Amino acid sequence: MACAKISHPSSHRSFGALLWALLLVVCTAPAARAFDTVVLDAGHGDFDRGAAIGYVYEKHLALDTTRRVEELLKKAGLKVIMTRSRDVFIPLPGRAAVGNRYGNAIFVSIHYNYNRGGSGSGVETYHYSTKSYTLAAYIQAYLVQRTSMSNRGVKHASFHVIRETTRNPAVLVECGFVSNSTERGRMMTGEFRKRIAEGIAQGIVSYKKAN
Ligand SMILES: [Zn+2]
């Protein structure tokens with residue numbers, strides 16, 4: 001099917017916008033690929049707190065969110081491998097090594113964001129390799145739809161874990177800004193982290209179905 005350029009709809013929060021976003025992905029991106037295993041990587045751990053404001057630490061938010069994604073994906077019939085299930089530190093090469101250990105797998109690293117001044121807001125999903133773009137776009141679209149967070153888009157970056165996970169599609173999700181007091185207030189609630197997890201899991205499951 002030939003696809004023309006499509007202008008972005010006025011609202012990025014509606015279900016219609018989600019469909020537009022996914023249509024763009026289907027039209028322009030490399031095909032999704034078969035997989036039965038999801039490697040989930042909760043960012044940071046132990047002495048590496050990640051973004052931290054007061055007693056709110058990214059390492060805790062990321063682990064809780066990742067566990068919720070794990071549960072949802074298992075319910076959907078996928079195998080899940082966690083790089084960490086506890087508050088431990090795993091060096092970045094060790095995380096990428098797990099991402100490269102399995103064939104027929106994808107790798108999803110889960111983080112929360114930080115910027116100086118606290119003005120940053122919204123969610124964004126990073127890819128490094130071209131083959132990872134479609135997975136990033138699916139996760140980003142469902143994450144925005146499920147949470148109504150502002151859409152910072154799909155971005156390219158050379159973060160270690162997604163650059164060095166070469167065997168499989170690999171993405172890194174930033175689920176909102178710890179440094180933004182409004183977003184921090186939301187992410188301290190289980191209800192918000194549940195929605196984040198649902199968005200990520202729905203993105204993964206839809207990416208799989210699109211294959
Ligand atoms: Zn992080």
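Author: Happy to! One definition before we start: axes are lines fitted to C-alpha atoms, for helices over the stretch in contact, and angles run from 0 to 180 degrees between N-to-C directions. Also keep in mind that this is a predicted model.

Reader: Thanks. Which strands does α7 lie across, and at what angle does α7 run to β5?

Author: Helix α7 lies across β1, β5 and β8, and its direction is at about 155° to β5.

Reader: And what does α3 lie across?

Author: For α3 the strands are β1, β4 and β5, with the helix running at about 170° to β1.

Reader: What order do the strands of the sheet come in?

Author: The order is β4-β1-β5-β8-β6-β7, six strands in an open sheet with mixed pairing. β4 (79-82) and β7 stand at the edges with a single partner strand each, so one side of each has no neighbour in the sheet. From one strand to the next, the twist averages 20°.

Reader: Let's zoom in on β5. How does β5 pair with β1?

Author: In the parallel sense, over six bridges. Within β5, Phe107 has Val39 standing opposite.

Reader: And how does β5 pair with β8?

Author: That pairing is parallel too, over six bridges, with β8 covering residues 170-177.

Reader: How many residues of β5 are buried?

Author: Nine of its nine. Ala105, Phe107, Ser109, His111 and Asn113 point one way from the strand, while Ile106, Val108, Ile110 and Tyr112 point the other way.

Reader: New topic: which residues coordinate the zinc ion?

Author: Three residues do: His44 through NE2, Glu58 through OE and His111 through ND1, at 2.0 to 2.2 Å. Along the chain, these donors follow the spacing H-x13-E-x52-H. The two histidines link distant parts of the chain, 67 residues apart: His44 sits in the loop between β1 (37-42) and β2 (52-53), and His111 in strand β5 (residues 105-113).

Reader: Are those two, His44 and His111, buried or exposed?

Author: Both His44 and His111 are buried.

Reader: Why does Ser206 count as buried?

Author: Because its relative accessible area is 16%, and buried means under 20%.

Reader: Where do Asn104 and Ser148 lie?

Author: Asn104 lies in the loop between α3 (92-99) and β5. Ser148 is in the loop between α4 (133-147) and β7 (151-156).

Reader: And how accessible are they, Asn104 at what relative area and Ser148 at what relative accessibility?

Author: Asn104 has a relative accessible area of 45%, so Asn104 is partly exposed. Ser148 is partly exposed as well, at 33% relative accessibility.

Technical notes:
Residues are numbered from 1 along each chain as its sequence is written. This is a predicted model: local features need pLDDT of at least 70, side-chain atom pairs count only at pLDDT 80 or more; totals for chains, interfaces and linings use all residues. Side-chain values use heavy atoms; hydrogens and water are left out. Donors are N, O and S atoms within 2.8 Å of the metal (3.2 Å for Na, K and Ca); water is not among the atoms, so sites may look incomplete. Helices (H or I, at least four residues) and strands (E, at least two) are DSSP runs, numbered from the N terminus. Buried means under 20% relative accessible area, exposed over 50%, partly exposed in between (1.4 Å probe, protein chains only). Two strands pair if DSSP finds at least two bridges between them. Contact means heavy atoms within 4.5 Å.
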